[in-house]
Amino acid sequence: MRPHGIRSRPRTATPGRLVLEDGAIFPGVSFGAEESAAGETVFTTGMVGYPEALTDPSYRGQILTFTYPSIGNYGVPAWSAQRTRPSRSESAGEPIPRPRESERIQAAGLICSSYSENFSHHTADMSLGYWLREQKIPALTGVDTRALTKRIRIHGALLGRIEIDGKVAPRFLDPNRRNLVAEVSTRQVLRYGRRGLPLTMIDCGRKNNQVRMLLERGARVTVIPWDSDVGQVARDCAGVILSNGPGDPRMAATTVETVRALIRRRVPILGICLGHQILALAAGASTSKMKFGHRSHNQPCVETGTGRCYQTSQNHGFSVDGHSLQRGWTEWFVNANDGSNEGIRHRSGLWRSVQFHPEAAPGPGGTAWILDQFLEAIR
Amino acid sequence: MATRRKGAGSGNGRDGRMRVILLGSGALKIGEAGEFDYSGSQAIKALKEDGVEVWLINPNIATIQTSPGLADRIFLLPVEPRFVAKVIANGRPDGILISFGGQTALNCGLQLHRKGVLKRYGVRILGSPISAVEKTENRATFAREVRRIGLKVPRSGAARDLPSALRLARSIGYPVMARTGFTLGGKGSGIAAGETDLRRLLVEALSSSPQVLIEEDLTGWKELEYEVVRDRADNCISVCNMENVDAMGVHTGESIVVAPSQTLTDEEYFFLRDVAFQVIRHFQIVGECNIQFAIHPKTGDYRIIEVNARLSRSSALASKATGYPLARIAAKLALGHILPDLKNSMNETTTACFEPALDYLVVKMPKWDLEKFQGASHFIGSEMKSVGEVMSIGRSFEEALQKGCRMLGDGIRGLVGNDFNISQSLKDLSRPTPRRVFALAEALARGRTVEALHRKTGIDPWFLDKMARIVAVRDALRAARRRGPDPALLRRAKEHGFSDEQIGLETRRGAAEIARRRASAGLRPVVKQIDTLAAEWPVRTNYLYLTYHGQEDDIAPPAAGRRVMILGSGAYRIGSSVEFDWCCVSAAAAVRRMGYEPIVVNCNPETVSTDYDMGHTIYFEELTFERIQDIWRKEAPLGILLAFGGQIPNNHALACARAGMPVFGTHPRDIDRAEDRHKFSTLLDRMRIPQPPWVEVTSRREARKFSHRVGFPVLVRPSYVLSGAAMRIASDPVGLDSALRGAAEVSRSHPVVVSKFIEGAKELEADAVASQGAVLAVAVTEHVENAGVHSGDATVVFPPQKIYLETVKRIREITAALARGLNITGPFNVQFLAIDNEVMVIECNLRASRSFPFISKVSGVDFVDLATRAMMGAEVEAVPESLLDLDHVGVKAPQFSFSRIKGADPALRVEMASTGEVGCLGEDLPEAFLKAIIAAGFRLPERRHVLLSIGTLKAKTRFLPQARALRDLGFTLYATRHTSRFLEENGIGNIRLYKIHERRQPSLLDYIVPDRLDLIINIPAGYDRRELTDGYIIRRRAADFGIPLITNAQLAELLIKSIGMK
Ligand SMILES: Nc1ncnc2c1ncn2[C@@H]1O[C@H](COP(=O)(O)OP(=O)(O)O)[C@@H](O)[C@H]1O
Ligand SMILES: Nc1ncnc2c1ncn2[C@@H]1O[C@H](COP(=O)(O)OP(=O)(O)O)[C@@H](O)[C@H]1O
Ligand SMILES: [Mg+2]
Ligand SMILES: [Mg+2]
């Protein structure tokens, strides 16, 4: 399209503002879809990976603030829906290529300090703003994101709404009251890969890189809806992956039930992020809402036993209460900064889960061995 | 714990305390500057926290690390195996740290290891294993090892001689990059388009290093750098990644650099991080390490360029950019700690095993001083030539870039709106020069497209587009000339990093009016903290910057405290470097001891004064008047100390006073009376203090008239400059004309001063402190070289060894008189000429001078502490003279970097050219002197083959005794035509060497190579600039081949005397 990927389309800047439930107002300028939106205001401190983050279903219903000021620099790659939509048929489908982690932007809105409409990268052919407008997601630039972040840090995640001048402002709404998992989970069964170790992924809002990495490791993945029944889940599979996903794990009661049944049937399970919380609930532990959660690429997690510390990519607002673990279960990882639980495993070696994202995207690699280890264990 | 586990204090009866030696980096030179004072002092602090006893070896007397109180013992000795071995033999340390003193320390450590010294005395190298250092330093081995683990390095091979190198190049295919191992700052490396180029490069490369690496040319690829850390438990973190705005082909030290990277996707960013980890794991790095990458802009393909298994310039930058103390952590890891056990020193609660998240971006800009080197090429490339750097912080690239431009000083107003000449750079934008970035802006303004400039320069369109946006704002401002900028436009301009002065310039208004408009529009910058975690965790840091991208201050306006603002020195440059950082740090410490809270303003990432661990508030900011005012409004300090950061802060004195910001110490009016030649000269006349005759001229005619009246030679210079920029000596009308042309070009706004140049005068200085006009302490120093060699390039002796007490007495009187006359309170420096016991004053600076750390450390009297207390109005006793007459001698010797500046004439003159200095102590002058010059890189002649080429007959005659002495010391004398004949006539046998054009053997060219001559004494005939004389060729080759060179008669005399006595 544009020879050097620079799109310079002069747009008249419409003023807008982010209004928080506590009355705070952060003025900015609109660069996304010109419509207002409401959600839970959260921040991520990752410095790269806005396409991955925006399409991460775990951000469903949230207004995502980037603390790194300059956003949009390397644009967004083309997205030809045909090429990337997984096949409805029984035949093998293709997971969506990077950098997208799901088929659409999941965040309710975007807030940043210094947006670059002009971008530059050999893989890019549309600006972030163009993509947001195409996806009908509002976004503000010119916001004092550090002031906003400090506010969230002090008061905890706050409900907020993006108001664009001349558009009716919606009411505040708390996405955690909705069943976000149901919103983002696949509606039909998806099959990836023809041969290899059969795995079933219960999709609570999966990031595609989980599928990609399992395929790379010679597995064949069947992705099923969050509320599938045990029978369907356990059907010819060597193990089950509980994917990540948005919101409060207790909203996914059905999935928790299914997982209990799977545990009874002694089906090996690996949980990731929300999947980790669901496994914990199924195992009789408790979860609770964090003040403002972990959303960053630099969460240090220490593996109990080895003392090794890993930089992990995270995105969650709820966490497992480490002390509530039942007999047979132990903490696998602990957050080196706030001591919160970052993973659990069962004595039997059958069930394990991590709060962070071994699949990264966005964020640092270095914990993919968690997948290898699981596959090793169930081969 | 860890320390003991690692056999701390193994015996040696040191109550179980571990003893380590830390090697410093010696004098500041191009490629190795202040950053190592920062890393070193931080490491020393970290080690001492663990109860380790630290012995520091570093001859750089101007550094903070060599100040009493940090290391347990300080050795002002050359960082040289011979000297270090002695210290080891006496001290029997348990370990040695070689990664905190740059390439100098690393190389010295390697040699100690190879010579078996470390083994003999059972000294462990702490940190990365020596094998890691050896493998990463040898480019060929490195490439092999990295390929073996399946990672990509440029196609390349190593060669030890010309033929094999040429063969190699052919197989790789031109253009190729030729580089040498064991160097810093890319010495002797470059890109060869074809065989002839390569031949030229190789001669030199092979002379400075045993082997060269020929490799695939990656010019135009993106260049990136990662700062990574690994502990003994194999935990790895990537602390900071940086992207060079200038593409591959421009040395990282020469590039504008931005942190974090701006044009990498998540996939690329973390892919390179993983590669970096694979590399440091393979080499078993323990501590800090920097790794450079190239990425192809269109394919995303990558190459690993190099790894430095030590703290580096980039690691200092990374520490300042992120707030992560790399040197501190590296030191802890070297002691055996592991990352998760260490805390993030920014908040003391979270772990140090994390990767900082920035919520701002940082731009580093190099500072060049090429104008100071006559004959130097103004192009930059894969070799380092910059002498310093600045770091700016902003919340948009535009803001940070323009701040960075201003931080460079020299009246640069930003990316646009400058009045210096860029036509040179504009002509060919594909060839990088120090001014290219400004030329790019101009090109964009003239309608060149981002795409076109990208193709020409390889600079990523993203960066060019940001420059274009700055230009667009400039145009908007011009369009608003009639009505003046409205609040919206003002805000936009400010967010794009425009200063009031810039805005005023474009809208044809004064900066003051813009400031007013800004104020009435409520436009003020906000204060933000640097906290390593992007506000995710609460912090109490005093590490601050200002930005216009924000609506609220991070820190509440402090309640009325007793704050004192201290202005730092800005970018290191020739004539202003680490010595002024020492002054600022010492001043900050002094005011803190007095119960005040120091606030330091500085923008130089190499400094210790910007270390957030120094116990003072830091504004990492511009040293412009506008910013000083902004900070003043935020902090409401009691007053400003600006006498310790060199000339840049000093120049703000009057403006600050006028704006109602009290300046501590000498009243700015009096500072001006000393700075302004007319006022100063009148004062001298009134006090009957002699001075060389001078006039201020605005036309050539006046200049000629004056010169004829007082007689040649005359000295031509613009006023108000430090380090003699554009100063010339003219010995005849022709020289005068060219000198005037030169001077006018350097600073149009300043008038030109012509003064009688006094030949054969001794030069002396008085560094002093006074309180309300009464002198508290005076240190008189003596230059070895006669007047005519800039005080910054002179070899300085303290206390004086060969001047009459009469002269010293006179100097003390004059110093006291000036203190009275200028009603001085604080530090000052007076420069004198002494000729047949008449003493004249050439200048007087009412601020701390370059030599303050030297005299303070040699005498043990902290002149800065004294001055600060006086300025803060404390009761201060005068220092008894007895304290300052010492029974030992200190010698301060200059460090030159001529080898790095292609074409520069390495002769001493009135313009300062040295990039650093060392200071050594001795029982007598010869001992101190020899130590000092060795520490400054001078190799004593072992084979004793000396080339003599003495300019004038007068000089030849004067030199005779030295020539005899050399012969008697068993030197083989070689000489050029006239010198040779002269020596023959005086019965001194010598071998004549023939000039190129003489076409006879033995020829100069064949002889001026290493391992033929090991000393060259060349005393230039005149003072005038005359490039490409034979003298120049001799001097230049000496520099290119690293042969010790002496170009001053007095220096030669002292050297020969000293060699004779030892
Ligand atoms: N193969 C190459 N092609 C083009 N430029 C190169 C190549 N290798 C290095 N450079 C340039 O030369 C500079 C110096 O090389 P480097 O390996 O970093 O040596 P140094 O030890 O001086 O840092 C690099 O910063 C890069 O810009
Ligand atoms: N009138 C003079 N006669 C001889 N040498 C001089 C004279 N004036 C200055 N110099 C030499 O030039 C050097 C630089 O001059 P100075 O006035 O100190 O400039 P700067 O302000 O750069 O220090 C001095 O150190 C001295 O060696
Ligand atoms: Mg390098
Ligand atoms: Mg001077």
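Buried means under 20% relative accessible area, exposed means over 50%, and partly exposed lies in between (1.4 Å probe, protein chains only). At 17%, E306(B) counts as buried.

This is a predicted model, in which local features need pLDDT of at least 70, side-chain atom pairs count only at pLDDT 80 or more, and totals for chains, interfaces and linings use all residues. Residues are numbered from 1 along each chain as its sequence is written, chains are lettered from A and ligands numbered from 1 in the order in which they are written, and side-chain values use heavy atoms, with hydrogens and water left out.

**Metal sites**

Donors are N, O and S atoms within 2.8 Å of the metal (3.2 Å for Na, K and Ca); water is not among the atoms, so sites may look incomplete. The magnesium ion (ligand 3) is coordinated by Q292(B) through OE1 and E306(B) through OE, at 2.1 to 2.2 Å. This pair links distant parts of the chain: Q292(B) sits in strand 13 and E306(B) in strand 14 of chain B, 14 residues apart. Strands (E, at least two residues) and helices (H or I, at least four) are DSSP runs, numbered from the N terminus.

The magnesium ion (ligand 4) has Q831(B) (OE1 and NE2) and E843(B) (OE) as protein donors, 2.0 to 2.5 Å away. Here Q831(B) belongs to strand 30 and E843(B) to strand 31 of chain B, 12 residues apart.

| Residue | Relative accessible area | Class |
|---|---|---|
| Q292(B) | 6% | buried |
| E306(B) | 17% | buried |
| Q831(B) | 8% | buried |
| E843(B) | 23% | partly exposed |

**A loop residue in chain A**

A283(A) lies in the loop between helix 9 (274-282) and strand 15 (287-303) of chain A. Is A283(A) buried or exposed? A283(A) counts as buried, at 14% relative accessibility. Contact means heavy atoms within 4.5 Å. Leaving aside neighbours within four places in sequence, A283(A) is in contact with Q326(A) and W329(A).

**Chain A overall**

Chain A has 10 helices and 19 strands. Its C-alpha trace spans about 60 × 45 × 35 Å along the principal axes. Of its 379 residues, 68% count as buried. Among contacts between residues at least 6 apart in sequence, 74% join residues at least 24 apart.
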